[in-house]
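These are my notebook entries on one protein model.

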Amino acid sequence: MKYRCVECGNGMKSLFVQYSPGNIRLMKCENCKAVGDEYIECEIMIVVIDLILHKPKAYRHLLYNVLDPQALNLQGLLWKCSFGFLLLDAYRSLLICRSKEEWSLSTSIDSFIWTCQKILLDVFLGNLMFFSTFVLAMRIFLGTWFGSLSSYKDILLAILISSYFKLSLLAMMVWEFPSSAVYIIDLYVFSSNTVALKVISKSPTSRCVLTCFSAHLMKFFITQSWS
């Protein structure tokens, strides 16, 4: 089955029938008898709002019905998402460093070099431990392992895309926010990752929470160990 019903997650061959340009009929799911994907006729802002509200059906729409492997270059999308993810993480580390020490034009070269080294360690070692712990936690709590390269890419892409709230860090370039806002964004990313994992793996919420919590906690400890 190429698509998924956003209500129950059941596979569907098609989501709509097109009679003429602009004239379509949404298909119903054979399992739950509901409309397969109501977001097809919705504005993109409705989808964004439902993603922010952590509605599983919005995540099913995005991860299954929008990201079509046959229509998209998922390999290229994966690289772009990874680059954006690491770049936003680097800016997050910079914000934390700036909140702990005053930066000015007179900042010493040694202090600048140390800050750059810490950011690199935060980004690369922190995320290496994050994804390593995530894979191990999936094995422990979900009893699953990446059986193939395609399943590995699906899970990785779901985690990267569900970390979209990191984009909120860009607002801190314009407006002043307390340093605690960074950790609030981290909590939101954690909860979004949990919903995405639940949608992809079809596992109980409690186990998905434990999986994502383990990965985020390990990353937090690693990045704080040399602060």
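Predicted model: local features only at pLDDT ≥ 70, side-chain atom pairs only at ≥ 80, totals over all residues.

Residues are numbered from 1 along each chain as its sequence is written, and side-chain values use heavy atoms, with hydrogens and water left out.

**Entry 1: cysteines.** I searched for disulfides, meaning pairs of cysteine sulfur atoms within 2.5 Å, and the structure holds zero. Cys29 is in no disulfide, and its nearest cysteine sulfur, that of Cys8, is 3.6 Å away. Cys29 is buried, at a relative accessible area of 2%.

**Entry 2: charged pairs.** Side chains of opposite charge can pair when their charged atoms come close. I counted a salt bridge where a side-chain nitrogen of Lys or Arg lies within 4 Å of a carboxyl oxygen of Asp or Glu. The whole structure gave seven salt bridges.

I then asked which residues Asp89 meets in salt bridges. One partner is Lys166, at 2.7 Å from N to O. Lys166 lies in the loop between α5 (149–161) and α6 (180–201) and Asp89 in helix α3 (residues 74–100), so this pair ties together parts that are 77 residues apart in sequence. Here helices are DSSP runs of H or I with at least four residues, numbered from the N terminus. Another partner is Lys219, at 2.5 Å from N to O. Because Lys219 lies in helix α7 (residues 205–224) and Asp89 in helix α3, that pair ties together parts 130 residues apart in sequence.

I checked burial next. Asp89 has 3% relative accessibility and counts as buried; Lys166, at 5%, is buried as well. Lys219 is also buried.

Asp50 pairs with Lys55, the closest N and O atoms being 3.5 Å apart. Asp50 is buried at 9%, whereas Lys55 is partly exposed at 32%. I also recorded a network of salt bridges that links Glu7, Glu38 and Lys57.

**Entry 3: a surface patch.** I found a nonpolar patch on the surface formed by Ile44, Met45, Val48, Ile49, Ile52 and Leu53, with about 560 Å² of accessible area together. Such a patch joins nonpolar side chains (Val, Leu, Ile, Met, Phe, Trp, Tyr) within 5 Å, from residues with over 30% relative accessible area and no salt bridge. Areas come from the Shrake-Rupley method with a 1.4 Å probe. Ile44 lies in helix α1 (residues 44–52) and is exposed at 64% relative accessibility.

Technical notes:
Buried < 20%, exposed > 50% of the residue type's maximum accessible area, 1.4 Å probe, protein only. Helix = DSSP H or I, 4+ residues; strand = E, 2+ residues; numbered from the N terminus. Patch = residues over 30% accessible without salt bridge, like charges linked within 9 Å, V, L, I, M, F, W, Y side chains within 5 Å.
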